[in-house]
Amino acid sequence: MELVFTIREFQTEDAAIVYSIMKKSLDQYYDPYMLHYFHNEWSGGQLVACDVLGTPIGALMSTKINNRRARIMMLAIEPVYRNRGIGHMLLDKFRFKALMEGIIRITLEVRFENIKARRFYIKNGFSETAILNGYYQDKGKGVRMDGPVQLNI
């Protein structure tokens, strides 16, 4: 059975559910206030994927570096909904919104050991541009990735 979901902008009432998804999906602590901070900074750069009832099942949170560059801060999918194209759809929708605002490059960081995430971003046009020793709170190594705002149509 095909999963039906929609993508929309993050709303403040999504915060508790999105934070719960983050805690299950990401391996370091993030202050829950960051969701509101990013939303206040650039509401159009915060997206959620929702099931047919409108409940968030994934999210992409970002920030603008400047008028030409954006940074994905977090992309997380509820574990039971992974590998169903939700991450690709969130990324494509984000790229479209970024393109409409004149952004031409996107950057992000991912754990060095997270081969699956690195492959996901490479498949979506990103390149690994730097190794970040001691980047994470636990001193884990990160990888900076950079990509164009290209639509995968």
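Modeller: Strands here are DSSP runs of E, at least two residues, and helices are runs of H or I, at least four residues, each numbered from the N terminus. This is a predicted model, where local features need pLDDT of at least 70, side-chain atom pairs count only at pLDDT 80 or more, and totals for chains, interfaces and linings use all residues. Residues are numbered from 1 along each chain as its sequence is written, and side-chain values use heavy atoms, without hydrogens and water.

Biologist: In what sense do strand 5 and strand 7 pair?
Modeller: Antiparallel, over 7 bridges, with strand 5 covering residues 105-111. Pairing needs at least two DSSP bridges between two strands. L108 sits opposite M145 of strand 7.

Biologist: New topic. Where is K139?
Modeller: K139 is in the loop between strand 6 (127-132) and strand 7 (142-148). Its phi is near 70°, a positive value in a residue other than glycine. Most residues other than glycine have a negative phi.

Biologist: Is K139 buried or exposed?
Modeller: Exposed (over 50% relative accessible area), at 64%.

Biologist: What about the phi of N83?
Modeller: Positive too, near 65°. N83 lies in the loop between strand 4 (69-77) and helix 3 (86-100). N83 is exposed, at 67% relative accessibility.

How values were computed
Buried < 20%, exposed > 50% of the residue type's maximum accessible area, 1.4 Å probe, protein only.
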